[in-house]
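Take a look at the structure below. The report that follows goes through it strand by strand and helix by helix.

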There are 2 protein chains.
Amino acid sequence: MNESSKDAAVDSAPESEAPAPPAAGLSRRGLLGLAFGGGVASLAVGVGAGLSGGVALGRARAEADARRAYDFFGAHQAGITTPVQEHLHFASYDMMPRTDREDLITLLQDWTYAASRMTQGLEVSATGAVGGDAEVPPDDTGEALGLPASGLTITFGFGPSLFENEEGDRYGIASLRPGPLERLPAFLGDGLDPQASHGDLCIQACADDPQVAVHAIRNLSRIAFGRAKLRWSQLGFGKTSRTTSAQATPRNLFGFKDGTANILADDAAALDEHVWTGASDRPEWMAGGSYLVARKIAMRIETWDRVRLSEQNTIVGRDKSEGAPLSGGDEFSAPDFSAAAIDPNAHVRLAHPEQNDGIRILRRGFNYVDGNNALGRLDAGLFFLSYQRDPAQFIALQRRLSTDRMNEYITHVGSGVWAVPGGSRPGSFVGAGLFD
Amino acid sequence: MNESSKDAAVDSAPESEAPAPPAAGLSRRGLLGLAFGGGVASLAVGVGAGLSGGVALGRARAEADARRAYDFFGAHQAGITTPVQEHLHFASYDMMPRTDREDLITLLQDWTYAASRMTQGLEVSATGAVGGDAEVPPDDTGEALGLPASGLTITFGFGPSLFENEEGDRYGIASLRPGPLERLPAFLGDGLDPQASHGDLCIQACADDPQVAVHAIRNLSRIAFGRAKLRWSQLGFGKTSRTTSAQATPRNLFGFKDGTANILADDAAALDEHVWTGASDRPEWMAGGSYLVARKIAMRIETWDRVRLSEQNTIVGRDKSEGAPLSGGDEFSAPDFSAAAIDPNAHVRLAHPEQNDGIRILRRGFNYVDGNNALGRLDAGLFFLSYQRDPAQFIALQRRLSTDRMNEYITHVGSGVWAVPGGSRPGSFVGAGLFD
């Protein structure tokens, strides 16, 4: 796949440029993408804002929803403040033994090229699944042929071990490792599975169609062949956080609303304070970036389901029905922590910014169900994802949760932290600043 | 949960009856369900057929899609010819040791009651997740509060071991076991995992929202507490079959269209001939029923992805781009098996009714991705589900596929067969005929 590396510098299809005419043999999916990519995002917003004036726009709405395409390029990577999609495929990768700096650079270029296309509803290359030489394996695996962009975002992160591991400074970037980027400390009650933890690189693929998210991870894994190898991966659904005020607060598998007090995409001040690494943060290549923490949190579903409602409310510190704090009000009322109704070790008390020197994080988690164990218990829980300006924010909150009454019903079984560089420019590639 | 058993006979909410006024404390979800359940299915059809005359209906369409509710009661169980939904949660159960006939009957009554409610967007009981006594565990687990019915169907099946196992005739129904209901024979190349095979009972939950399907299986598992235990379960997405001509043919994870020649819901003659057990079929309690075969088919994704396009086409016998048979025409053209273009062991040749004495089955499979293995290969494939009048239809086809060129890229890792009784009447319960 290395031939495509050089294209990353030229074939970037920013929204403002007219796309090149379709190459001979470009698939139906490719044509759809060229016809509808990019521009429909604004159409969808217009309709959502109540501008629709007739049945044609009414009809267009559902189609625009599915065809919504987010630009891969920009000041920040997409998939952080983007309205949370319905589905997640998250993947962690390790670089292959004996790979060098050039391998890492070309991998990031190839990934950028493919991601910039797939997020527009295009195949990974112009020839794609069916348009190339029939006597070689197709460039694209084909299961997303005919499917629209479906709001796909692809977000890349660099783990601490990418910068330096037991083999040393493999890629000549050890000196550029951000100080805060270190494997998370052990927390009380952790039961981490190495097969769901850590990794040199990560990719978060979110979309409103699971087949589109799976197609993205599968093809990016394939593109990595010989350079990086899938270490672990996780599917999720039913977003458990919201990132815009237009989204209703979804419920997690404990049946409670989750994410009521999340940082929202339109709160620029909070994003700058809590999520984006700023110009003053070091190293420079992380400007406009963030740090991603992933925690796979297994829930003891069947035990929880035998807890009486009043106790469930007490544990969470909110009322299950509406999500209102037990001190009164509605879902969006500020909890009154002087009220005895909120238990000293209720989840809402321990996790709330007011009880944590104002620390906030942007949560972007998903529910997961991985079948069941031999005892017939569901292997299910929350795949927690959070973005913050410094992993120290997560660490402080997680330490504070050590006495959380909810801990009786959960175990953290997976963990990882990655530096998420800022967005890339058309013509460049994700993380390019690391190699300047 | 046994108190609700008796209600199954009275609280059935058929479409033609006005629903009872909401009980005190009925949740928002319950209210939505009562206001919009049942009736919206016909609204959605009307709009889909082009009757919309203004923006109100245009807007109503997307909402009606999500609120679409299928009746649990009817001549046949829903979830067989129902337009295939986007998501699957399939579960297999074993009865608990020392359960008796009464336990099985009350379990089926309780399941019927809950299924008839959940398919209308209601909680499992009138008190639900938040409306009951706060000093007991809630009836409903709550994660679907606020979500519409989402086209949920719940389909029940009885495995051979329910009728008789090593412990004997536990429920006094051994003499009523249908002759064709026997564990499937071993097939060449099978690599079955007992943790993904067989089971006394099965439930297929399909919905357009995975959270709704997962909620259904979780709550039905909970209702079964002490009587039946989850044996294995499987999530799936991206339906790989279509059951109406309005649905586009989706693609499986080999990137090919799958289900082009499926039996469609409007082909009553083919359904009577190939899918529904008829009045002449024995035993009598299976009238209007069918037999369900599940096969978890693992795909060697990475190996397949290295096969050249021409060879992929040859293996399938169709062209990857459009799904046309290699003998020519378009997706819906009949393959010409006299043409040399279709390999003697191409999948389409071996599986086609014309090559199998006219044998047909109704397929209803889903793609699955269960993460990846330690080598970094995706644990992914097709969760094949088929309905047929007699499991012998599947057995004949599967034996014919023993020389399928596709076998190099797949392994059947899970298997099961269940008798799916006909639909139940309001006031009765699924499988009641077994206990007359």
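Ala294(A) stands opposite Gly416(A), a residue of β9(A). The model is predicted. The pairing of β5(A) with strand β9 (residues 410–420) of chain A is antiparallel and has 10 bridges. β5(A) also pairs with strand β8 (residues 378–388) of chain A. That pairing is antiparallel too, with eight bridges. Here Lys296(A) has Phe383(A) of β8(A) as its bridge partner.

How many residues of strand β5 (residues 290–299) of chain A are buried? The count is 10 of 10, and the strand is mostly covered. In a regular strand, side chains alternate between the two faces of the sheet. In β5(A), Ser290(A), Leu292(A), Ala294(A), Lys296(A) and Ala298(A) point one way. Tyr291(A), Val293(A), Arg295(A), Ile297(A) and Met299(A) point the other way. Both sets are buried.

## Chain A as a whole

Chain A has 11 helices and nine strands. It has 436 residues, and 56% of them count as buried. Consider the contacts in chain A with a separation of 6 or more. Residues 24 or more positions apart account for 75% of them.

## Two helices in chain A

Helix α4 (residues 101–118) and helix α6 (residues 210–223) of chain A have axes that come within 10 Å. They cross at roughly 155°. That angle is over 145 degrees, so α4(A) is roughly antiparallel to α6(A). The crossing of α4(A) and α6(A) is right-handed.

Which residues meet there? From α4(A) come Asp110(A), Trp111(A), Ala114(A) and Met118(A). From α6(A) come Ala216(A), Asn219(A), Leu220(A) and Ile223(A). By class, the residues of this contact are six nonpolar, one polar and one charged.

## The helix pair in chain B

In chain B, the axes of helix α4 (residues 101–118) and α6(B) come within 10 Å and cross at roughly 155°. α4(B) and α6(B) are therefore roughly antiparallel to each other. Their crossing is right-handed.

Asp110(B), Trp111(B), Ala114(B) and Met118(B) are the residues on the α4(B) side. They meet Ala216(B), Asn219(B), Leu220(B) and Ile223(B) of α6(B). Six residues of this contact are nonpolar, one is polar and one is charged.

## Strand β8 of chain B

Strand β8 (residues 378–388) of chain B is largely enclosed by the rest of the structure, because nine of its 11 residues are buried. Strand β5 (residues 290–299) of chain B runs antiparallel to β8(B), joined by eight bridges. Ala298(B) stands opposite Gly381(B) of β8(B). Strand β6 (residues 362–363) of chain B is also antiparallel to β8(B), with two bridges. There, Arg363(B) stands opposite Ser386(B).

β7(B) pairs with β8(B) over five bridges, again in the antiparallel sense. Phe366(B) has Phe383(B) in β8(B) as its bridge partner. β7(B) and β8(B) form a hairpin with five residues between the strands. In this hairpin, Gly376(B) takes a positive phi near 85°.

## Where the chains touch

Contacts between the chains involve 55 residues of chain B and 55 residues of chain A. Which elements of chain B supply at least two residues each to the side that touches chain A? They are α3 (55–67), α6 (210–223), β4 (228–237), α9 (309–316) and β7 (366–372). β4(B) gives the largest share, eight residues. By class, this side of chain B has 22 nonpolar, 19 polar and 14 charged residues.

Note on methods:
Residues numbered from 1 in each chain as written. Chains lettered and ligands numbered in written order. Predicted model: local features only at pLDDT ≥ 70, side-chain atom pairs only at ≥ 80, totals over all residues. Contact = placed C-beta atoms within 7 Å. Helix = DSSP H or I, 4+ residues; strand = E, 2+ residues; numbered from the N terminus. Nonpolar A, V, L, I, M, F, W, Y, C, P; charged D, E, K, R; others polar. Buried ≥ 20, exposed ≤ 12 C-beta atoms within 10 Å, placed from the backbone. Pairing = 2+ DSSP bridges. Axes fitted to C-alpha atoms, helices over the stretch in contact; angles between N-to-C directions. Parallel < 35°, antiparallel > 145°, perpendicular 65-115°, else oblique. Left-handed = near helix turned anticlockwise from the far one by under 90°.
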